[in-house]
Amino acid sequence: MASGDSVEEIALLAPYKMGKLQLSHRVVLAPLTRCRALNGLPNHAHVEYYSQRATPGGLLITEGTHISSTAGGFPNVPGIYTEEQVQAWKKVTEAVHAKEAIIFCQLWHVGRASHPAYQPGGAAPISSTNKPISSKWKATLPNGTQTDYPAPRSISASEILELVEIYKQTALKAIRAGFDGVEIHGAHGYLLDQFLKDSINDRTDEYGGSIDNRSRFLMQVVDAVVSAIGAEKTAVRISPVIDFNDAVDSDPLSLGLGIVERLNKFQEAVGAKLAYLHVTQPRSWRGPVAVGQGDGSELVRELRRAYEGTLITSGGFTRDSGIEAVAQGDADLIAYGRLFISNPDLVKRFKLNAPLNKYNRDTFYIPDLVVGYTDYPFLSHEDHHSVPAPS
């Protein structure tokens with residue numbers, strides 16, 4: 001896309017109707033773990049961080065947010081299961097809404113990607129299996145050191161139903177905190193993905209074996225959340241072709257299409273579309289790939305063609321590749337992570353085709369409430385005053 005092209009000609013910056021929500025452009029803040037929630041609580045820095053990246057009619061998705069005291073596995077991550085956390089998030093949603101933006105809360109349970117240091121009473125993390133994550137991947141302890149992941153505890157069918165209810169109640173808390181909706185995190189080797197992927201799920205009950213069984217937990221969560229807050233406020237994230245945390249599937253295309261088929265049938269049954277389906281496209285992927293799937297981008301296209309609703313994709317997009325993906329119909333919306341970290345005014349920079357700040361990986365996950373979090377420069381000084389003054 002040439003620098004002289006007008007905003008009207010750029011598909012990425014065109015308006016989009018997402019259910020009842022009117023978006024003014026298709027640039028989405030991806031959910032990003034940032035480790036700034038000291039004691040598990042959002043704070044003034046979160047208010048600044050999210051409001052800096054809010055634009056009228058723009059969609060923001062929060063960092064993964066814990067649904068319970070057993071959900072964590074990384075330091076300084078926020079939750080939304082206590083009243084104190086709900087009240088803290090209200091300050092964030094109020095600041096975002098003051099800028100006429102839209103914000104969804106990503107509901108997260110890490111499952112076996114945890115350590116007894118994060119679990120009540122030092123218990124083992126929970127999962128679909130008793131198999132630990134391999135030593136290729138490391139757990140980060142609360143003090144910042146790294147160690148091998150321990151063996152998890154495979155949960156019973158009755159415990160799964162208890163977790164379904166927890167997702168439902170947490171979604172209600174998110175709406176009470178002022179969020180416009182929730183994204184159910186079913187990707188990247190975390191709890192729900194540990195049921196979806198056949199390299200992890202070794203169960204022999206109704207939650208293991210076939211794609212129908214492996215997707216049962218996810219669909220029960222979707223059903224419960226939709227029953228509580230409505231389909232238009234419920235979204236799902238999946239990553240069939242991502243191998244993070246050993247989450248490999250022997251046939252990611254069939255898994256992805258199987259999930260999409262079930263979501264389509266669910267939408268037809270309830271008579272309403274989900275807010276969106278969010279699919280992660282790998283920047284680089286080395287897992288097993290079936291013939292015709294290439295590097296994973298074709299798989300995402302197949303899911304786009306199959307899914308009957310709004311589709312967001314993410315995974316290392318640039319301005320130009322995002323424009324191309326939307327223009328070609330590969331996705332409706334593009335979620336940006338690293339570029340949004342270092343460019344709080346990313347939408348404005350995309351509109352002007354302006355230079356971008358470089359991001360510093362060393363500050364992605366540090367607990368500093370300013371450095372690498374809210375101190376990246378804006379194009380103009382007046383844009384930096386992102387939190388509206390009281391009237």
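Let's start with R349: leaving aside neighbours within four places in sequence, R349 is in contact with N343, A354, P355, L356, N357, P377, F378 and L379. Keep in mind that this is a predicted model. R349 sits in helix α11, which covers residues 346-352. Is R349 buried or exposed? Its relative accessibility is 4%, and since buried means under 20%, R349 counts as buried. Its side chain also has a polar partner: a polar contact of 2.7 Å links R349 to the side chain of D345.

Now for the strands. Eight of them form a closed barrel, in the order β3-β4-β5-β10-β11-β12-β13-β14, with parallel pairing. On average, neighbouring strands of this sheet are turned by 25 degrees against each other, direction ignored. For a look at one pairing, take strand β13 (residues 311-314) and strand β14 (residues 333-336), which run parallel and share three bridges. I312, for instance, has L333 in β14 as its bridge partner.

On to the nonpolar residues. In soluble globular proteins, nonpolar side chains tend to be buried together. Here the largest nonpolar core has 83 residues, and Y167, F217 and Y336 are the ones with the most contacts inside it. Helix α6 (residues 216-229) supplies the largest share of this core, nine residues. Apart from that core lies another, of 15 residues, including Y16, V28, I102 and A275.

Finally, zoom in on Y167. Not counting residues up to four places away in sequence, Y167 touches I67, L107, H109, I184, L191, L192, F217, V221 and V225.

Terms used:
Residues are numbered from 1 along each chain as its sequence is written. This is a predicted model: local features need pLDDT of at least 70, side-chain atom pairs count only at pLDDT 80 or more; totals for chains, interfaces and linings use all residues. Side-chain values use heavy atoms; hydrogens and water are left out. A nonpolar core is a set of buried Ala, Val, Leu, Ile, Met, Phe, Trp, Tyr and Cys residues joined through side-chain atoms within 4.5 Å. Buried means under 20% relative accessible area, exposed over 50%, partly exposed in between (1.4 Å probe, protein chains only). Helices (H or I, at least four residues) and strands (E, at least two) are DSSP runs, numbered from the N terminus. Contact means heavy atoms within 4.5 Å. A polar contact is a pair of N or O atoms within 3.5 Å; within protein, one must be able to donate a hydrogen and the other to accept it, and residues adjacent in sequence count only if both atoms are side-chain atoms. Two strands pair if DSSP finds at least two bridges between them. Axes are lines fitted to C-alpha atoms, for helices over the stretch in contact, and angles run from 0 to 180 degrees between N-to-C directions.
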